[in-house]
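Biologist: I would like to learn how to read a model like this one. Can we go feature by feature?

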Amino acid sequence: MNPELLEDVLSCPSLPSPPAVAVKVIELTGNENVHLDDLAAVIKTDQGLASKILRTVNSSFYGLRQPCSTIEKALVMLGLGPVKTLALGFSLVSAVEGDKGFDFEAYWRRGLDTAVGAKSIADAAGLDCGDEAFLAGLLHDIGMVALFKALGTSYLNILETTDGDHEKLCHAELDAFELQHPEIGAMLAERWKLPEALVIPIRYHARPTASPLEHATLAKLVGAANTAHEALNTENPDQSFVDFYNRLSDWFDLDAAQGDEILRRISSDTKELAKLFNLDAGVSRNPDAMLAEAKQRLAEMTREEPRESYGLGRFEGIINSPQNDPLTGAVNRYGFNELISVSFAEVRDTRNPVSLVTIQVEGIVETARLQGETQADDIVIAAVAALNTHFEPLGGIVCRVGTSSFAVVLPATERAQAARVAEEFRADVEANADAWLAGAGAAGPRIRASAGVATAALETLSAYGTPARFVAASTKALKSARSDGGNAVRAFQPKAAA
């Protein structure tokens, strides 16, 4: 860091400072034995703040079954966490006044998206830190405001060089000033005497995996919600969309259907909270239209530039460009046969299992008949994009083995994990098939997915005997799923493992 410039920034007289009520709330809630009546009394000294809190508590954001008329009742009905979060949120937001030149609309849209997203992810994952995550998300970029207040036009010039790409901002700040907004924001939060649980995610929101372990979950919540904001707001959200789902899966064990719901909640709740916080967060977005557009972009990306599966690196000598399906970039049937032979043989050598998921996407053939080959191709592309999204994090290799048939080879993956991810893919297809059929109308065919799972481990190799019988076992499980009505996942259990 540049120590002289750092001192200039932190001593700037126009830096945001918390109102007296926020200071008192921070002081009171720092005491584990705080009396709720004392906190209510402090909040009610600012009637405007108390009114805003009650309006928010009674909004659909909290979904209370009965109206709440007093701060004391809000503390009883919601608990200390939400009321403290709202008191600090409203107070600290009011400390950040707009100045000419700085894009506060984009700033608050990012803050509100991240706040709602971080809380939504925490709630979906069953984590008991949603309120802290909301406040951390709301304030995570406060260092940007501090740098603008202190450096003025010089900082605006740096923002302009990033062309709105937030991921480039930290590097641009470091190059120009030897400072960066996450660190400045954390220092400002420390000056405000915010708890460490809020300081850490502000400091590490751009690199959450580097966060100290004690508060790493909060940092990851803010980091994942940041990616959701990028997916919702960038012109070409394809990579942000993939990154968001991967972070949900890797960090919080959430599936794509849950990710879709989180994105919908961000879109709807940000709109409502912007009104309650009296902030201009720009034009609201239709969440379902956004999801359809994002997934269409992902499908187009797969068509224009076929993605190489994460697991292909292990089989570089087998998988090469002639083995790819020209439409999707997935491995074709010939490559699949070689993959199965090698993977099956490796079980004995590596002592690691291999799982095979065989998938049938129903409705593709009928789509081609009713709507034409182009519409059917779009569904195939979308299906492969979704398969990559779900299975690549496990090192899965996606193959297209027929017009509407697919297979995923999963080295070193147990049956339960393969079946779980297959079910997530099936649910994703069920939830988003209408978007894949955009323009097909009500007469369009029903798109559903069924899957069969088989796993070869060291103790079950003899039950299968050959790679062909291993594939047959997975196919048998798929037939079972389809015979039960389809839209299901079934797993084959060899006799040796019974």
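Modeller: Start with packing. The buried residues of H2 pack against helix H3 (36–43), helix H4 (47–57) and helix H6 (80–95). Contact means heavy atoms within 4.5 Å. Helices (H or I, at least four residues) and strands (E, at least two) are DSSP runs, numbered from the N terminus. Some ground rules: this is a predicted model, where local features need pLDDT of at least 70, side-chain atom pairs count only at pLDDT 80 or more, and totals for chains, interfaces and linings use all residues. Residues are numbered from 1 along each chain as its sequence is written, and side-chain values use heavy atoms, leaving out hydrogens and water.

Biologist: Which residues of helix H2 are buried?

Modeller: An α-helix has 3.6 residues a turn, so residues three or four places apart point the same way. In H2 (residues 20–29), the buried ones are Val21, Ala22, Val25, Ile26, Leu28 and Thr29. They lie on the same side of H2 because they cover an arc of only 170° around the axis. That arc is taken over the directions from the helix axis to the C-beta atoms. Ala20 and Glu27, on the other side of H2, are exposed. Buried means under 20% relative accessible area, exposed over 50%, partly exposed in between (1.4 Å probe, protein chains only).

Biologist: And strands? Which way do the residues of E2 point?

Modeller: In a regular strand the side chains alternate between the two faces of the sheet. From E2 (residues 397–400), Ile397 and Cys399 point one way, Val398 and Arg400 the other, and all are buried. Four bridges join E2 to strand E3 (residues 405–411), and the two run antiparallel. Pairing requires at least two DSSP bridges between two strands. Arg400 has Phe406 as its bridge partner in E3. A hairpin of four residues connects E2 to E3.

Biologist: What do the side chains of Asn432 make polar contacts with?

Modeller: A polar contact is a pair of N or O atoms within 3.5 Å; within protein, one must be able to donate a hydrogen and the other to accept it, and residues adjacent in sequence count only if both atoms are side-chain atoms. The Asn432 side chain meets Asp260 at 2.8 Å and Asp428 at 2.5 Å. Asn432 sits in helix H21 (residues 415–436). Its relative accessibility is 4%, so Asn432 counts as buried.

Biologist: Where does His166 lie?

Modeller: His166 is in the loop between helix H10 (153–161) and helix H11 (169–177). At 14% relative accessible area, His166 is buried. Its side chain makes a polar contact of 3.3 Å with that of Asp141.
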